[in-house]
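Please walk me through this structure.

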Amino acid sequence: MIVKYLLVLPALMFSSLAIAQDLTHPTKMDLPESGFSRPDPSDYQISLDNGLTAYIARADQVPLVTLSAFIRAGKVSDEKEGSAEVLLDALLYGGPEGQSPEGFKDVIRLMAADFSVEMHDEWTEISLNIPKEDLDIALPIFSALIRSPAVTDAALANASGKTEAEIGAVEALSLSSATFALADAVERFYEVLYADHPYGRRPTVEDFSNLTVDDVKDFHEKFFVPGNMTLAIAGDINEAEVRANVRDLFGDMRATRALPPRQMPTIEFEKAAQHTFPVKKLQSWLVIGHELPVVPLEDQAALDVMNYILAAEHLHARMLTNTRVLYGYTNDASGFLEDRWFGPGSYTFRSYSRPEVIRPLYEEMMSAIGSMQTEEVTAEELFIAKGALRDGTFPIRYLDGYSTARDFAIEWLRYGNHSRSASYTHRVGAVTAKDVSDMANKYMRTRSMQIVLVGEPANLLE
Amino acid sequence: MKWNAIINFLIKSHLGLPLRLLKTILCGTLVLSATAALAQGRSFELPIRAHVFENGLRLLVIERPGETRVVAKIFTDMGALNETPGQYGSAHFLEHLMFKGTPTLGSRDWPREKEIHERIQRAEDALEEELNRARNALRERGVFHDYQHQETTPKVGELRALIESLNQQVLELNDEGPMEKWYQAYGGTGLTATTEQEYMKFDLDLPAERVELFLRVEADRMQNTVFRNFDAERMILVEQRLGDLNGNATAYHEAMNALVGRSSMVYVPEGYMNDFGEYTRRYEQGLYERYFIANNTTLIFIGGVTLEDMKAKVEKYFGHMQRRPEPPRYQGKEPLPTAEKRLTWRSDSLSPRVEFRYQIPGVGHPDRPQFDVLKKALEPHLQSVLSSAGVAASVDINTLVVHTTRFGVPASFNIEVTVENAVQTATAESLILDEIRELSEEPIPEDDVALARKILRTEWYRTAADPSALAFEIGHFEVMDSWKTLAPYLEARDQTEASDLTRLIHRYFVAKNRSVGVVVPEGAVQ
């Protein structure tokens, strides 16, 4: 009997060892280096003689194709106020010149296309996603729309009408849900930030009454030119055919160079201020921040690392720990670095909570900001942020053919080269704790924070 | 405008095209109009490779050689449907708690911390007993949400203070961001979790060569979660619920949900304020232990990995788990509907509208895929009917219940018509009902149905182009029905004809299966 147990015991021990859960700590797992390297833009790029640059990528997981155009012109590029907004309306609804808007709408519908035009202050993105089977129809329509949109009196009237409606909407906060409410609060922040700045200027109904169709066409002719535009085309395509089609459809456009950007004044707040927008809702929304100057290349990576440690969006970061994890004040508190191409952007911290804890929420957010300026970040924080940026958020910019082509197209349009993306992982890897501290002190100014509170009034600055 | 109209569009506008290209396009277009019909036979087959381990754990892999990243998801077949009344939202809360770490992730001194958790549990048990005693001593116990008996005794206060003080002691021993920070550090993105009526899932996208990290963390999360910061986390549910209730239409939609279903918890939102305070560690632990077992779990990977490689790695981290008794499955059978129901909602913050909801079967029933086609074909059709009658309205058809549009249990087909004023609600109601009556006899034009199929096909390709969205669909089908029925579901949609839609309308869009909601301004005469 004893012998029997003696035989069984080692077997049981071995078996329990074999089935034990592997709980090796992640840092001890010897995880391999990430195999990612940024794709080579020259594999995708074609340059036409007239100055147009396009990026073409094959991605055949599904029979779809996306056509995108990026133009270095937006809402603040127009010399005659309102031209950009009318052009946006014409691009969205008018279709190519010589056709009815209804015809254009029907073509989009019958292709089951996903069509969008997004006009930012400084640049515009036109995008058309279609089934592969419709590419031969879609490509010439796309080209014609970019080259000759139907700018009509109807587009002018539409844009004017929208402006009138938007003015009404701005006066009455929409606040139809928590998400929209935070977006509303961010809009209010931009109004404060760009109050006397060209980025804050929006056309009035009067501007539209002084505008003609020819003014809008002039705006289009000036900016929608090869040197001021890039294309990204990706999907289930024959790359050689698409390259040939791009040359056919865009090659005869008049050669031009990139236009010089409009010079933008800087912004600098002298002291902190609170801007309260009372509304009766179940929560209050908070946006804290100030301007972000144009960030030079040598600061970009360290600033990204600093922001990640402080307030990575809804992830493990000092601000979320201080506000959500420890105290349950809010569902989210995150930081947003929003740079602009030619002028001051914004650096904001956004959150929301039930009104009774809005003050401790604000204090904890400010405390997290202050800690970045006074306490050196830990080796672990640095390790996490650098790994996240180098092996996570950067590689997913090149996740598939379309995101790769799009990223390169925007980078070329903005900088005229690809050196920033080429060096990004190296620059992130070189960031030190001191760099992070320097960035926190250089780019965050706690004494001149602008605080936008939408919700139940509370004096946060006292 | 039909396909020949597109050709006219191209010819008329010329689009500044070289003649050679225009000819190519026109040939292509003519071919296209013919192939639109052929495309109906397209295969939606997915190259899923599957393996089931001895302990019942399911592994599904779509291999994409050469891709540097992998999308990883872990689905558990449980959700709000498994909650009991008074504990609504507890499955969602469990998801929050499962971010709090384990003994090996998140503690600086586990033996000490463990001892404090045991004291917290004893205190919570004593608190529950004391609360029950106080409640049970009352003849009438909390009969309405705004009325509370005094359930506080000196002992209740003491126990609550003790739990709070023990929670603080735990915090001092914790290492924050116990799981997510390692995912972040090693290049993980898209780290999210979701709990809906039928599932809980955790998601990640990470470098393919580091996929083992996901397995290490998720196996630990599945077996060894420690309920840290339990009481502070309750307040996050409060915040999320407040966020929902800030939506002008939330309360109305929840009232409509309640109008449609009789017994299924598919219509219940993820918790009410009066439930959040009732959750206990003991109850959450019960859900955790019952459902988070190997034979109730599916792992899905899409990207630069292979099935063979994943089998070995999954075995390493999940192989020790024993097959456990099958947890109870929610059936969600609804009684046969017997009468039309009606809700009048008065509000100045919502646009006037009239809405029709019809109960429809869940995924797994042969009619369910055809409802997707009906939605796409009926929406423009009804829009045009209203427009022809001079009613300025916007028609939205959806199958949304709470947050989700598809279920493995009965849900509803919702036709929402937003109009300009209260008077138009009656006109729109009458026009829509007349048209539905007509469509139960006369088919929707075949061209409209063909376009609906094409839209659905294209939308599916957009989903499949995104590995995370595709992995979600596979996992979602696995919890609703089976991942094997995803492709047949898509094929069934693509083979739906106008006569199928007529049959659906005839069978399901009947008065006794209808719930009508009418939104009018406060004080409007209806």
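The predictor gives the complex an ipTM of 0.94. The pTM is 0.94. Chain B averages a pLDDT of 91, and 89% of its residues score at least 70. One stretch of chain B calls for care. Over residues 16-41 of chain B, the pLDDT is below 50. In the model this stretch still has 32 contacts beyond near neighbours in sequence. Where pLDDT is low, predicted coordinates should not be read in detail.

Next, the contact between the chains. Here 71 residues of chain B are in contact with 66 residues of chain A. Which element of chain B gives the largest share of its side? That is helix α8 of chain B, residues 230-246, with 11 residues. By class, the side of chain B that touches chain A has 32 nonpolar residues. Another 23 are polar, and 16 are charged.

Now look within chain A. Chain A is divided into domain 1, residues 41-250, and domain 2, residues 273-455. Taken over C-alpha atoms, the centres of domain 1 and domain 2 of chain A are separated by 28 Å. The two domains touch. Domain 1 of chain A brings 33 residues to the contact, and domain 2 of chain A brings 32. On the domain 1 side, the elements that give two or more residues are β2 (53-58), β3 (64-71), α6 (178-193) and β6 (229-235) of chain A. Of the domain 1 side, α6(A) gives the most, with 10 residues. By class, this side of domain 1 of chain A has 23 nonpolar, 5 polar and 5 charged residues.

Finally, take one helix pair in chain A. Two packed helices are described by the angle between their axes and the distance between the axes. The pair here is helix α10 (residues 297-311) and helix α15 (residues 419-429) of chain A. Their axes come within 10 Å and cross at roughly 55°. That angle makes α10(A) oblique to α15(A). The crossing of α10(A) past α15(A) is right-handed. Which residues make the contact? From α10(A) come L297(A), A301(A) and V305(A). From α15(A) come R420(A), Y424(A), R427(A) and V428(A). In the contact of α10(A) with α15(A), 5 residues are nonpolar, 2 are charged and none is polar.

Note on methods: Residues are numbered from 1 along each chain as its sequence is written. Chains are lettered from A and ligands numbered from 1 in the order in which they are written. This is a predicted model: local features need pLDDT of at least 70, side-chain atom pairs count only at pLDDT 80 or more; totals for chains, interfaces and linings use all residues. Axes are lines fitted to C-alpha atoms, for helices over the stretch in contact, and angles run from 0 to 180 degrees between N-to-C directions. Helices (H or I, at least four residues) and strands (E, at least two) are DSSP runs, numbered from the N terminus. Angles under 35 degrees count as roughly parallel, over 145 as roughly antiparallel, 65 to 115 as roughly perpendicular and the rest as oblique. A crossing is left-handed if the near helix is turned anticlockwise from the far one by less than a right angle, and right-handed if clockwise. Two residues are in contact if their C-beta atoms, placed from the backbone, lie within 7 Å. Ala, Val, Leu, Ile, Met, Phe, Trp, Tyr, Cys and Pro count as nonpolar, Asp, Glu, Lys and Arg as charged, and the others, Gly among them, as polar. Domain bounds come from an automatic or database domain assignment. pLDDT is the predictor's confidence in each residue, from 0 to 100.
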